[in-house]
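Let's take a walk through this fold, starting with the overall layout and then zooming in on a couple of spots. Keep the viewer open as you read.

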Amino acid sequence: MVKRRVFYSFHYELDSWRLAQVRIFETVDGRRPTTDNDWEAVRGGGHRAITEWIDNQMHGKICVVVLVEAMTAGLKWIKYEIRRAWEIGSSLVGIYIHRLKEAKGEIASKGRNQFSDFKLDGTPFMQLAKCDTPSGTSSTEVYNDISQNIEK
């Protein structure tokens, strides 16, 4: 099965554990996981270093997957990644991950659609880019739904 080159947009501090759950699916090949030390080094370089890092990570990716939960809505770098994906012509999709457990077993609240902050020629972006809500009420059910449908 061919792996798809994907860039994940997510809240690093809160959702790296959830991202690890999503990234293991065979049909999707994301970037090498960023360690805390890597991210701190990039962040320490300021705005320019972060934008260059994001741009380099997005290079050659066919899709940007925005992982959505309550704390990601409106974050500066998530917004940059969404805008940048559109500029470079990458496919763009959101997946609500709030019901996936994080490392401590906590479940997040559902966030607002990340694409609601954008318009394209007057059309709300959320009408152009899909933001999927996986079915299921438990973390396991949500995980199974994502694993079966992420390629779509």
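**A walk through the fold**

The protein chain has 5 helices and 7 strands. Keep in mind that you're looking at a predicted model. Reading from the N terminus, the order of elements is β-α-β-α-α-β-α-β-β-β-β-α.

Now for the chain as a whole. It has 152 residues, and 43% of them count as buried. Its accessible surface is about 8,500 Å², with 50% of that belonging to carbon and sulfur atoms. As for how the chain folds back on itself, take the contacts between residues at least 6 apart in sequence: 71% of these join residues at least 24 apart.

For a local example of such a pairing, go to Cys-63, which sits in strand 3 (residues 63-68). Is Cys-63 buried or exposed? Its relative accessibility is 15%, so Cys-63 counts as buried, the cut-off being under 20%. Setting aside neighbours within four places in sequence, Cys-63 touches Arg-5, Val-6 and Phe-7, along with Ser-90, Ser-91, Leu-92 and Val-93. Pick Ser-91 from that group: 28 residues separate it from Cys-63 in sequence, yet their C-alpha atoms are 4.4 Å apart.

Methods. Residues numbered from 1 in each chain as written. Predicted model: local features only at pLDDT ≥ 70, side-chain atom pairs only at ≥ 80, totals over all residues. Heavy atoms only, no water. Helix = DSSP H or I, 4+ residues; strand = E, 2+ residues; numbered from the N terminus. Buried < 20%, exposed > 50% of the residue type's maximum accessible area, 1.4 Å probe, protein only. Contact = heavy atoms within 4.5 Å. Areas by Shrake-Rupley, 256 points an atom, 1.4 Å probe, with all protein chains shown as cover.
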